[in-house]
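Please keep the sequence and the model in view while reading.

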Amino acid sequence: MGEYAELPGVRTWYEAAGSGGPLVLLHGGFCTNDTWGAQRADLASAYRVFLPERRAHGHTPDVAGPLSYQDMADDTEAFLETVVGQPAHLVGWSDGGVVALLVAIARPDLVGKVVVIGANFRPSPECFAEPEMLDTMTPGSADLAFFRQMYEAVTPDGADHWPAVAEKVVDMWRTQPTLTTGDLARVEAPTLIVVGDDDMMTLEHTTALYRAIPGSQLAVVPGASHLVPLEKPELVNRLILDHLAEGEVETMLPIRRAPAPEAPDGTAG
């Protein structure tokens, strides 16, 4: 069972489970908390897991005007401050990963560690393996039928609001996010990037994300798509839990993580 939190931007539905340090799960675009069904139990065995549903998703109502990742990041920051009440780890899938990155950049004081799954930092024409797929994502299309059913089952805005939400989300994907590698360099939280080897995002884009975030880690899951948390749940859950529990990363033959060489005067070069 869930409940509503009265946040400044939107009345937000959330659920919580487990005990321990706080961990916030941020679902993907068009999705609800149900899509975390393969992760909830494992993660709640070690953490107090919070699952907010973002504006225009699930039980949380839409808000007038276009959707933006920045507004959803602002909502998430407010959720961390008012509901969680302390810094938390963030695990974001797809759009939720974008939101997690924005929060980590703007409010490092609210973030412990970060895991992003199938996330992007540029708009879809620059990162989708098949950008033309957006042209088929119309409110009544078969491509969105599964998401429409999820939406209509729980939305407080009524089933007839689906076309407006579908158009808002796709419009957002066409033009957002607009992060730069310089923005990503400001992420201080230890970050794990997870992606399927056949993801919606190109591997080149995911590699650019990995290279831009200082000290980040990259896991490319074989035989998996953008739905890797559903396809390989045991592996994804283990990757998440291991990342959240580990200390400083040490490898036997570091290249990217090798210490900077010392200058002749003994200072780091």
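A crossing is called right-handed if the near helix is turned clockwise from the far one by less than a right angle, and left-handed if the turn is anticlockwise. By that convention, helix α2 passes α3 in a right-handed crossing. The model under discussion is predicted.

**Packing of α2 and α3**

- Helix α2 spans residues 69-84 and helix α3 spans residues 95-106; their axes come within 9 Å and cross at roughly 65 degrees. Because angles from 65 to 115 degrees count as roughly perpendicular, α2 is described as roughly perpendicular to α3.
- On the α2 side, the contact is made by Y69, Q70, M72, A73, T76, E77 and L80. On the α3 side, D95, V98, V99, L102, V103 and A106 take part.
- By residue type, the contact of α2 with α3 comprises 9 nonpolar, 2 polar and 2 charged residues.

**Salt bridges**

- The whole structure contains 12 salt bridges.
- One of them joins E81 and R107, whose closest N and O atoms are 2.9 Å apart. E81 belongs to helix α2, whereas R107 sits in the loop between α3 and β6 (111-117), so the pair ties together parts that are 26 residues apart in sequence.
- R122 counts as partly exposed, at 22% relative accessibility.
- R238 pairs with D242 in a salt bridge in which the closest N and O atoms are 3.1 Å apart. Both residues lie in helix α10 (residues 233-245), with a spacing of 4 residues, about one turn of the helix.
- R238 is partly exposed at 46% relative accessibility, and D242 is likewise partly exposed at 40%.

**V84 in helix α2**

- V84 lies in helix α2 and has a relative accessible area of 10%; this residue therefore counts as buried, the cut-off being under 20%.
- Which residues does V84 contact, leaving aside its neighbours within four places in sequence? They are P22, V24, F50 and F79.
- L23 is 61 residues from V84 along the chain, and the C-alpha atoms of the two are separated by 9.0 Å.

**Backbone features in loops**

- The peptide bond from Q176 to P177 is cis, with omega near -5 degrees. P177 is placed in the loop between α6 (162-175) and α7 (181-184).
- F30 has a positive phi, near 70 degrees, although this residue is not glycine. F30 is found in the loop between β3 (22-26) and α1 (40-44), and its relative accessibility of 6% makes it buried.
- A56, also a residue other than glycine, has a positive phi near 70 degrees. Its position is in the loop between β4 (48-52) and α2.
- Is A56 buried or exposed? With a relative accessible area of 2%, A56 is buried.

Terms used: Residues are numbered from 1 along each chain as its sequence is written. This is a predicted model: local features need pLDDT of at least 70, side-chain atom pairs count only at pLDDT 80 or more; totals for chains, interfaces and linings use all residues. Side-chain values use heavy atoms; hydrogens and water are left out. Axes are lines fitted to C-alpha atoms, for helices over the stretch in contact, and angles run from 0 to 180 degrees between N-to-C directions. Helices (H or I, at least four residues) and strands (E, at least two) are DSSP runs, numbered from the N terminus. Angles under 35 degrees count as roughly parallel, over 145 as roughly antiparallel, 65 to 115 as roughly perpendicular and the rest as oblique. Contact means heavy atoms within 4.5 Å. Ala, Val, Leu, Ile, Met, Phe, Trp, Tyr, Cys and Pro count as nonpolar, Asp, Glu, Lys and Arg as charged, and the others, Gly among them, as polar. A salt bridge is a side-chain nitrogen of Lys or Arg within 4 Å of a carboxyl oxygen of Asp or Glu. Buried means under 20% relative accessible area, exposed over 50%, partly exposed in between (1.4 Å probe, protein chains only).
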